[in-house]
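Subject: Structure handover and notes

Hello,

My notes on it follow.

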Amino acid sequence: MSTTFRLFPQAASTTANSVDALYFFLVAVAAFFSILIFGLIFFFAIRHRRRVAREVPQEVRGGLTLEIIWTVIPFGLVMVMFAWGASVYLEVARPPDNALQAYVVGKQWMWKTQHMEGQREINELHVPVGRPVKLTMTSEDVIHSFYVPDFRVKWDVLPGKYTTVWFHPTRTGKFRLFCAEYCGTKHSGMIGWIHVMEPAAYESWLSGGGASGSLASSGEKLFQDLACGNCHRVDQPGRCPDLTGLFGKPVRLADGRSVVADEAYIRESIVNPGAKITAGFQPIMPTFQGLVTEEGMLQLIEYIKSLSGRPAGAQAPPGTAPAPERQAAGERGPSLPGSAPEKR
Amino acid sequence: MITATVEQKHYLNAEYGLKSWLLTTDHKRIGLLYLGTITFFFLLGGIFATLIRLELLTPPGDLTNSETYNKFFTLHGVIMVFFFLIPSIPATLGNFLIPMMVGARDLAFPKLNLLSWYLLLAGGLLSMWAMFAGGVDTGWTFYTPYSTTYSNTYVIATALGAFIAGFSSILTGLNFIVTIHRMRAPGLTWFRLPLFVWSHYAAALIMVLGTPVLAVTLVLVALERAFRIGIFDPALGGDPVLFQHLFWFYSHPAVYIMVLPGMGVISELVSTFSRRRVFGYGFVAFSSVAIAVYGFLVWGHHMFVSSQSVYASLVFSFLSFFVAIPSAIKVFNWTATLYKGSISYETPMLYAFGFIGLFTMGGLTGLFVATLGVDVHVHDTYFVVAHFHYIMVGGTLMAYLGGLHFWWPKMTGRMYPEGWAKLSALVIFLGFNLTFFPQFLLGYLGMPRRYHAYPDEFQVLHVLSTAGASVLAVGYLIPLVYLVWSLRYGKRATANPFGATGLEWKTSSPPPTYNFDVTPAVTHEAYDYRALAEEETEGVRVG
């Protein structure tokens, strides 16, 4: 029933309730001060209207007490707003660990979404109700912004960068997805739907779609097609860093710095391999800029994530993925960082 | 006062001919040149606003195609911000009044003042050329990498127009700062200055310190677009978010360039029409400076969902709330000025009431967008559109019109027709609220800004907004007619028709070319109505 007229958006996520509570507080404060100021203006304007043409009213000097009162009270109120707003923002900005993961690529002028299981959608995203969903997002061209008003969440989607947004849907139905950052001619056409389904219905939707294997397996195929495996070999290390168990771990660089191998690091190492050279290796890798689409990039990342010592494709359920990875990192701790390839 | 009926020599009839205007260094004449220029740009920007509202009357994009609509809102923004709002009050009223208010013959650098008008004109003409050559579709915010890599429109020419106009603003600011420091009349100490001068001083600081950053940013956009130098485009190793930092470092303070002079006008109006010294003069004066200073520290509040650091967002939100305090101080002090005043309701005072109400609502909704958790939802929606129109139109434009009516007799020597003026002030107030209040609701409902077409569920509120816009348009056209009419048929103005205290009212209307026959000496504080009454009584006795 999303095309019916309404004056207030549906509250369809846990965030929506947090934001609305804060919003109503702000509306109350704003209404109080608006009515106060309008009321005082009307009251003074009538009460103290000019009665004699040349009258000069008695002088009333400014009062320090009054000035302090109307400085301190608003200051206290805005600090409450700040603290409350910050707590809601931190909630929005930090996805929970157990979130279901999916990927979003924005381009002029459509949203392309990919599920871990391999389903791909355009201008639509199916998610189950009742559990948090975390989206990792990037753009193929200009800046877009992923906005679902009924969830009260929005985050910009940038080229050359990964951002995340998360939400915890609390009711089933279809909810509008908008691009909120002006992105060119058909900006207003870059809209879609988030379909929130009962978990069982979601599972059957997942199995019903014509996905040709999981995201990681698509990544593995791409890895082979691009011949990445010719250098990044497990059986014959030495020329290129071994990617097994790489994701989420610190990497020692040739210049002495250390970075964590996250999505952004892997993406950068593919499009601009010379930017961060792993210690002990030569900068021999060519750039793959223009050879890998943003969606392919996400598949490669998912494949590399899956190389955590377990066979590719046999990954843990997405929601629980981060924990084994951390564990794997811990297990391999002694051989870290950086020096490992040299030893081998 | 009897002599007023005899045609005296004044700045308008001192010289005649086109050359006497185009080569004038008289700040009053330059003020009128600005008045004509910005009125033209206001009407042009208004035409685009009308076209936008007409398109949004119905959900599908049916009046124009998307390319054209995107150019409409871009040109509306570019023209209104760079060629109307920023020069509006400072370059017309400020130019005309600051030398008179400080008791000087002219601004410190009269030729620079004329140059700054030519720069605005040149920038405006260049942007208009871009408009007729094919337009620009980046939004007035020129966000990268859309503006640098993807847009196929006249980005460089438009940006260059804004760049040139920026120098007009810098020179005007420089002129004000030097004039206020160096050319005050004997006895006119800083704390005897009218608050109009204080707020222009604060705005001038922003003009001089902030505008160069905009200039640098626009040059970088042009260089990136022309030569792909790789500052903003991630494919070239640049960072598109860097543009947003640079752009808002100027463009947030620019909001205060627009509104601070308006606050100065309101202080004069509230005081004059309640015959009271502005309550808490010192607090109102320093709150202007505080707003100018804080304004430079809050740019990141435009970027809470831009991928900037979460901790940066926390700091920017915290600092943004600090701007609320000096703004609140002003509103409370203006309201307190009315207490036990002798209040009359001439047109300028109606605009002042309107300003205080609408600025209060604009300021309070500013708290919503400064609040991190709420901004995530309302950012880039019509809530933000409504908020900044309450500040810029409800605030600055109301103040501008109030000031224009208040000083019209001084500028032209003629009175405006009071009845028509009151009517149009009322129409503007009602039309404004009908146009923009529904946009708050639209925004919280989730309607994104810069949408050519939109889903059906938003239509009712859009229809209300468009209806309001047509009322507003009528409200703006009425003064255009009667003010022009009054130039010939208006009642002749006396030197001080409203019983105001400023030095500008101590000379004839319109003033002589050099403003004062004798440099005035100031012996009392601003807004001393008792002293004014005594002088008038003496004047009558002497006369």
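I start with backbone geometry, then go on to the interface, the surface and the salt bridges. Please keep in mind throughout that this is a predicted model.

Backbone

Pro145(B) sits in the loop of chain B that runs between α4 (110–133) and α5 (146–150). The peptide bond between Thr144(B) and Pro145(B) is cis, with omega about 0 degrees. Chain A has a cis bond as well, from Gln108(A) to Trp109(A), where omega is near -5 degrees. Trp109(A) belongs to the loop between β1 (100–107) and β2 (110–115) of chain A. Most peptide bonds are trans, and most residues other than glycine have a negative phi, so I would look at both kinds of departure when checking the model.

Ser307(B) is in the loop between α9 (281–294) and α10 of chain B, and Asp380(B) is in the loop between α12 (372–378) and α13 (382–412) of chain B. Are these two residues buried or partly exposed? Asp380(B) has a relative accessibility of 7%, under the 20% limit, and therefore counts as buried. Ser307(B), at 22%, is above that limit and so counts as partly exposed.

Interface

Chain B brings 97 residues to the contact and chain A brings 89. About 8,000 Å² is buried between the two chains, and carbon and sulfur atoms account for 67% of that area. On the chain B side, Phe332(B), Tyr444(B) and Glu457(B) supply 9% of the area that chain B buries against chain A, more than any other three residues.

On the polar side, 30 residue pairs are in polar contact between chain B and chain A, counting pairs with both residues at pLDDT 80 or more. Helix α10 (residues 310–338) of chain B gives the most to the side of chain B that touches chain A, namely 17 residues.

How many salt bridges cross the interface of chain B and chain A? The rule finds one. A salt bridge joins the side chains of Arg176(A) and Glu457(B), with 2.9 Å from N to O. Glu457(B) is also one of the three residues named above for buried area.

Surface patch

A nonpolar patch on the surface is formed by Phe5(A), Leu7(A), Leu434(B), Val460(B), Leu464(B) and Val471(B), with about 470 Å² of accessible area together. Helix α15 (residues 459–489) of chain B contributes the most to the patch, with three residues. Phe5(A) comes from the segment before α1 (14–47) of chain A. With a relative accessible area of 44%, Phe5(A) is partly exposed; patch residues need over 30%, so Phe5(A) qualifies on that count.

Salt bridges

Over all chains, the search finds 16 salt bridges in the whole structure. Those below are in chain A.

Asp20(A) pairs with Arg152(A), and their closest N and O atoms are 2.8 Å apart. This pair links distant parts of the chain, 132 residues apart: Asp20(A) is in helix α1 of chain A, and Arg152(A) is in the loop between β6 (144–148) and β7 (153–157) of chain A. Both Asp20(A) and Arg152(A) are buried.

Lys305(A) and Glu263(A) form a salt bridge at 3.3 Å, N to O. Lys305(A) is in helix α6 (residues 294–306) and Glu263(A) in helix α5 (residues 263–271) of chain A, so this pair ties together parts that are 42 residues apart in sequence. Lys305(A) and Glu263(A) are both buried.

The side chains of Arg267(A) and Glu294(A) also meet in a salt bridge, at 2.5 Å from N to O. Arg267(A) is in helix α5 and Glu294(A) in helix α6 of chain A, 27 residues apart. Arg267(A) is buried, at a relative accessible area of 12%, and Glu294(A) is buried at 10%.

Finally, Lys112(A), Arg120(A), Glu140(A) and Glu295(A) are joined into one network by salt bridges that share partners.

Regards

Key
Residues are numbered from 1 along each chain as its sequence is written. Chains are lettered from A and ligands numbered from 1 in the order in which they are written. This is a predicted model: local features need pLDDT of at least 70, side-chain atom pairs count only at pLDDT 80 or more; totals for chains, interfaces and linings use all residues. Side-chain values use heavy atoms; hydrogens and water are left out. Patches are made of residues with over 30% relative accessible area and no salt bridge: like charges are joined within 9 Å, nonpolar side chains (Val, Leu, Ile, Met, Phe, Trp, Tyr) within 5 Å. Accessible areas come from the Shrake-Rupley method with a 1.4 Å probe; for residues, only the protein chains shown count as cover. A salt bridge is a side-chain nitrogen of Lys or Arg within 4 Å of a carboxyl oxygen of Asp or Glu. Helices (H or I, at least four residues) and strands (E, at least two) are DSSP runs, numbered from the N terminus. Buried means under 20% relative accessible area, exposed over 50%, partly exposed in between (1.4 Å probe, protein chains only). Contact means heavy atoms within 4.5 Å. Buried area is the accessible area (1.4 Å probe) that two parts lose on being put together, summed over both. A polar contact is a pair of N or O atoms within 3.5 Å; within protein, one must be able to donate a hydrogen and the other to accept it, and residues adjacent in sequence count only if both atoms are side-chain atoms.
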